Amino acid sequence: MSGKMIFHQFLVVSAIVLSVAAPVSTRSTMRAKSIGPQLNPPINLDAWYAGYNEKYWGGELPNDVVITRNLHDDRFMAITVPTGRSYEIDLNMKYLPSPKEEKETLLHETCHIQIFVEDTPEINDHGPKWQACMHRITKEGAMEDLW
Ligand SMILES: [Zn+2]
């Protein structure tokens, strides 16, 4: 794997707008509110990933990906990090208010895992190969209940 692409970050553009517009006190309130969902156990995530892997990747992606809701860096909605043996996806619950958003983001990150697994990193994280992955799974119905 190229050392250039250490990990993928799902940048939150809307969050930048929010943080510019919101006074500091509001931002800290939002931070405090976000603690709730982060404390929830990581239910569903493993099952969703396993189901997606089976349905849209023929079970060919790693089955030992660690998925958490523990991302607290509010610059990012999610990150995907190679861990040497496998991969870890961390979701930022501040930006994912419902299972719908979580699933959509999980699919987004799983396309990054596909690119990692193929060992064909792109200069742009969301370049043609990643886009082709998203288009393919969308055509296959992955976003049907999410968009
Ligand atoms: Zn991404």
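Over which residues does pLDDT stay under 50, and how many contacts beyond four places in sequence does the model have for them? The stretch is residues 14-39, and the model gives it 12 such contacts. Where pLDDT is low, the predicted coordinates should not be read in detail.

**Confidence and overall layout**

Residues 1-5 have a pLDDT below 50, and beyond near neighbours in sequence they make six contacts in the model.

As for the layout, you'll find six helices and four strands. The chain is 147 residues long, and 27% of them count as buried. If you look at contacts between residues at least 6 apart in sequence, 58% of them link residues at least 24 apart.

**A closer look at helix α4**

Helix α4 runs over residues 45-57. With 13 residues at 1.5 Å each, it should span 18 Å, and its end C-alpha atoms sit 17 Å apart, so the two agree.

Which residues of α4 are buried? They are L45, Y49 and Y56. These residues cover an arc of only 70° around the axis, which means they lie on the same side of α4. The background is simple helix geometry: an α-helix has 3.6 residues a turn, so residues three or four places apart point the same way.

The opposite picture shows up on the face turned away from that buried side, where A47 and G51 are exposed. As for what sits over the buried residues, the cover includes β2, α5 and α6. Just past the end of the helix, G58 adopts a positive phi of about 60°.

Here are the elements named among that cover:

| Element | Residues |
|---|---|
| β2 | 66-68 |
| α5 | 99-118 |
| α6 | 128-139 |

S86 lies in the loop that joins β3 (76-82) to β4 (87-91). Is S86 buried or partly exposed? S86 is partly exposed, because 15 other C-beta atoms lie within 10 Å, and a residue needs 20 or more to count as buried.

Leaving out residues up to four places away in sequence, S86 touches P62, D64 and V65. S86 and L61 are 25 residues apart in sequence, yet their C-alpha atoms are 9.8 Å apart in space.

Note on methods:
Residues are numbered from 1 along each chain as its sequence is written. This is a predicted model: local features need pLDDT of at least 70, side-chain atom pairs count only at pLDDT 80 or more; totals for chains, interfaces and linings use all residues. Helices (H or I, at least four residues) and strands (E, at least two) are DSSP runs, numbered from the N terminus. The expected span of a helix is 1.5 Å times one less than its number of residues. A residue is buried if 20 or more other C-beta atoms lie within 10 Å of its own, exposed if 12 or fewer, and partly exposed in between; C-beta atoms are placed from the backbone. The arc is that of the directions from the helix axis to the C-beta atoms. Two residues are in contact if their C-beta atoms, placed from the backbone, lie within 7 Å. pLDDT is the predictor's confidence in each residue, from 0 to 100.
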